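Colleague: Please put the model on screen. I will then ask about it piece by piece.

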Amino acid sequence: MTLRNLFLRLVARRDNATTSTNANAPKASAGQLDWLRHAASAPAADLLAELNTTEEGLDSASVDTARELWGANAQVHATARPLPRRLAAAFADPFTYILVLIAAVSVLTDWTFAAPGARDLTTPLIIGAMVLVSGVLRFIQDEKSAAAASSLAKLVETCANVERDGDGGNETPVDEIVVGDVVHLSSGDVVPADLRIIAARDLFVSQASLTGESDPVEKSATAGAGEPANAAVTDLPTLALMGSTVISGHGRGVVVATGARTMFGEATGMLAGRRRTTATDRGIAATSRLLMRLMLVVLPVVFVISSATKGNWVDALLFSLSVAVGLTPEMLPMLVTTCLGKGAVDLSGEQVIVKRLDAVQDLGGIDILCTDKTGTLTEDRIVLERYLNVVGQEDARVLRQAFLNSYLSTGVKNLVDNAIIDRARAEAAAASGARGDAAETSDLAAGRYAIDELPFDFERRRVSVVVGDERGRTAMITKGAIEEVLAICSAVEVDGTARPLDSALAAQVTARAEALASEGMRVLGVARKDDPTGGRAICAGDERDMTLVGYLAFLDPPKASAAAAVAALAGRGVATKVLTGDSARVAAHVCGRIGIDASRVLTGADVERMDDAALARAAQEASVFAKLSPSQKARVVRVLGELGHSVGYMGDGVNDAAAMRASDCAISVDSAVDVAREAADIILLEKDLMVLERGIEFGRRTFANMSTYVRLTVSSNFGNIISVLVAAATLPFLPMGAVQLLLLNLIYDVTCCAIPWDRVDDERIACPSVWSTRSTKRFMLAFGPVSSVFDIVTFAALFFLVCPAVAGGAWGALDEAGRAAFVGAFQAGWFIESMWTQTLVIHLLRTDRTPFLESRAALPLLAMGAAGVMLATALPFSPMADPLDFVAPGAAFFPVLLAIVAGFAACVLLVRRFVKLD
């Protein structure tokens, strides 16, 4: 290792240490910048020597040494928090904070300032047990969900083609790459680390995830002449930075920085940077704001009324804080995580892998699915049906030119290229009378070699290859969308002779292509130009004055299951829209056959002419979009989302990544290119819309169970708040102590832990479901007061009937001991009644059917609810009654309780029938 290398390595280590404590320190990336500039400008041979590697890669024995010296290829954000921090986080919530505050006050009042004979720590110990139970439950469920997510993520591990020991390259997990490794790059790859390019051929990469610029830039093994010293690192042609995407061409690069030590490692993560805000995120945020507003209103009102009527401001403050916490579904984070974790595991059994847990509910919430056509709606096995000259006759010369273009191009062979090569081999074998599958591909290209090429891009929509032969002749062969190829031609080849391309011939060419497209075939044009450059490097300007040789017509038939899948999605309330780069006629033909309305087709040119408002109106009506560029796909997805739709996008190619990032739920398949899999939230192990339809169903079931907890808890607690306000204003004592209220809340929340395992009625998952503050508010306003009415009835029954029987007289006639028994019995009675009604309402409102008869909860929820009711009922009769200040309400209480609960159930069912909630 050279002294410069060692010095820069030490600087980098120092800067990384600075970064960990001060992300804004100006020196944080200085060492990285210096090292990257040095790597970009140093001769490749010298740099390889500095890194103790070769063009054939590291030897296996050096890999661990390199990892130890330079660090692993892991992102800072991906590092799991230590176990102690995760355990502490499980206790970090308002519920715990209020309990600790109450415990601290109890220690002061019951021990520190209490008389020596009256000191008692029972209440703080009970509170400590409540804190322990809630925190441990949350920690266990979070750990289980995190483990499930981690195991699922491993199923879609990203790999790169890494060469070691001169083995030519093998798929290696990205996190195992080290500095000094030689990485092979090709179209669709995500650059896995910061690389110095040592060999390249027409290598174009997109740095949009790093710079925001969508235009591809060329990377090469040679530094540009006259490059300014202050040029941005992203502008250096010999560097390919982590997170950029290979658009076309291929190359090799040596790894010069990994993980957080890459130029943009901390800022960009692996690819997507900060996660976009989805429809679900927006809904949860709105619901949280609703709860916050309620707490800000309720807390001071309860405090003022309680302190004014009871004369004890400390008890009033603790009680009002407990009421505020009682309004909050404090177990929601744990319950949501549990629901999502269970949903992700369930989905894995349906061939659906969840990369981001929140995506489970995003998947269930989509009401528009945008998808590419090829492979999703079609068989993904393109066949070259016809190769025709410009007069419509089958012509082997057209197939020959197309074969040379596909075989000699350096990009990853796509379905079209493979179809051309397979047909050429089959035709050559048939012509020679050879037995077997087909002729050898290399024999078909004998004597021909590639000189240069212009890779395919989504603006030109064509690829050009300069081919040379043994006689020294050169020709440029171009293949691409018929419209784009025709636009660069000035002649057509007829009977081996070039004829000028006039308007009449152009119309004939277009008409034949449209006729083929009307049969559902994808039509490409093939053109040729002799001696295109005179020996210099080819450029886009050379694609002109070419001669059209003929057409290629491909058939990719619709999947047998596509029509049923589209119909099934429509039945779930999900509209399918096709966003494709294919021609309008082909897209319309395929979509028409599978039941997608193709009466209006928007093309890329149409999209380009529209402003966002006009596009939003058109996108609402149209279901087929053709000849779209990647940026246009993303724009369509974005405007649909801005209209209030929850949009999913399913894609597997480089041209789909931008649209996937713009969607609420990005979906891809395990066979997709790296950039698509990296952008995806959901990975399908089977490329079939029916699999996606099942995934949507599971996502909706997960969401339904989460929303059940939130809406029921908020409405029940809202009812409790009204009840507390009435009690605070009318009763001479608090209707429930602070610890009692929090204990009730804890028992109820623990019973709700079984909700993720509950059944969901089919009608509840028939339509898309998203978080709705309006729906939650309606639910709360409809059922909260119902609960309050019966709480007030309970107050009256307890105050005038039950408690006088327990205490031996009416409130005004009792001494201090009698009043203590009166209060204890009252609080115990409301504690029991609250638990009974809160548990019962889960079963009454989890379904629109007749509860227990037409729709019954899953056994875990039934069992947990019954256990919670029995525990709450038993506590006032147990040894825990004295520490909790409970007094057994007596046998006369239970007939009253049953009557109140029965009336409550009947009233809830009546309101459910007449109040529209969804």
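Colleague: What relative accessibility does Lys-777 have?

Modeller: This is a predicted model: local features need pLDDT of at least 70, side-chain atom pairs count only at pLDDT 80 or more, and totals for chains, interfaces and linings use all residues. Residues are numbered from 1 along each chain as its sequence is written, and side-chain values use heavy atoms, with hydrogens and water left out. Buried means under 20% relative accessible area, exposed over 50%, and partly exposed in between (1.4 Å probe, protein chains only). Lys-777 counts as partly exposed, because its relative accessibility is 35%.

Colleague: Lys-777 belongs to a positive surface patch. Which element gives the largest share of that patch?

Modeller: A patch is built from residues with over 30% relative accessible area and no salt bridge; like charges are joined within 9 Å, nonpolar side chains (Val, Leu, Ile, Met, Phe, Trp, Tyr) within 5 Å. This patch consists of Arg-289, Arg-293, Arg-774, Lys-777 and Arg-778. The largest share, three residues, comes from helix 28.

Colleague: What accessible area does the nonpolar surface patch have?

Modeller: One member, Leu-121, sits in the loop between helix 6 (94-112) and helix 7 (122-153). Leu-121 is partly exposed, since its relative accessible area is 33%. Areas come from the Shrake-Rupley method with a 1.4 Å probe, and for residues only the protein chains shown count as cover. Together, Val-107, Trp-111, Leu-121 and Leu-125 have an accessible area of about 350 Å².

Colleague: How many salt bridges does the whole structure hold?

Modeller: A salt bridge is a side-chain nitrogen of Lys or Arg within 4 Å of a carboxyl oxygen of Asp or Glu. Some are linked in a network, which joins Arg-572, Glu-693, Glu-697, Arg-701 and Asp-762. For the whole structure, the search finds 33.

Colleague: Which helix holds both Asp-64 and Arg-67?

Modeller: Their side chains meet in a salt bridge, 3.2 Å from N to O. Asp-64 is exposed because its relative accessibility is 56%, while Arg-67 is partly exposed at 25%. The two are three residues apart, about one turn of helix 4.

Colleague: Is Asp-606 buried or exposed?

Modeller: Asp-606 forms a salt bridge with Arg-609, at 2.5 Å from N to O. The two are about one helical turn apart, because three residues separate them in helix 21 (residues 604-609). Arg-609 counts as exposed at 63% relative accessibility. Asp-606 has 17%, so it counts as buried.

Colleague: How many residues apart in sequence are the parts that Glu-483 and Lys-627 tie together?

Modeller: Glu-483 and Lys-627 form a salt bridge, with the closest N and O atoms 3.6 Å apart. Glu-483 lies in helix 17 (residues 482-487), and Lys-627 lies in the loop between strand 20 (624-626) and helix 23 (630-642). So the pair ties together parts whose separation in sequence, in residues, is 144.

Colleague: Now the strands. How many residues of strand 12 are buried?

Modeller: In a regular strand, side chains alternate between the two faces of the sheet. One side of strand 12 (residues 462-469) has Arg-462, Ser-464, Val-466 and Gly-468, and the other has Val-463, Val-465, Val-467 and Asp-469; both faces are covered. Of its eight residues, the number buried is eight.

Colleague: Which residue in strand 13 stands opposite Arg-462?

Modeller: Two strands pair if DSSP finds at least two bridges between them. Six bridges join strand 11 (residues 448-454) to strand 12, antiparallel. Seven join strand 12 to strand 13 (residues 474-481), also antiparallel, and those two form a hairpin with four residues between them. Opposite Arg-462 stands Gly-480.

Colleague: What phi does Asp-165 have, in the turn between strand 1 and strand 2?

Modeller: Four bridges join strand 1 (residues 159-163) to strand 2 (residues 170-173), and the two run antiparallel. Ala-160 stands opposite Thr-172. The hairpin has six residues between its strands, and in the turn Asp-165 has a positive phi of about 55°.

How values were computed: Lys and Arg count as positive and Asp and Glu as negative; His and the chain ends are not counted. The place of a charge is taken as NZ of Lys, CZ of Arg, CG of Asp or CD of Glu.
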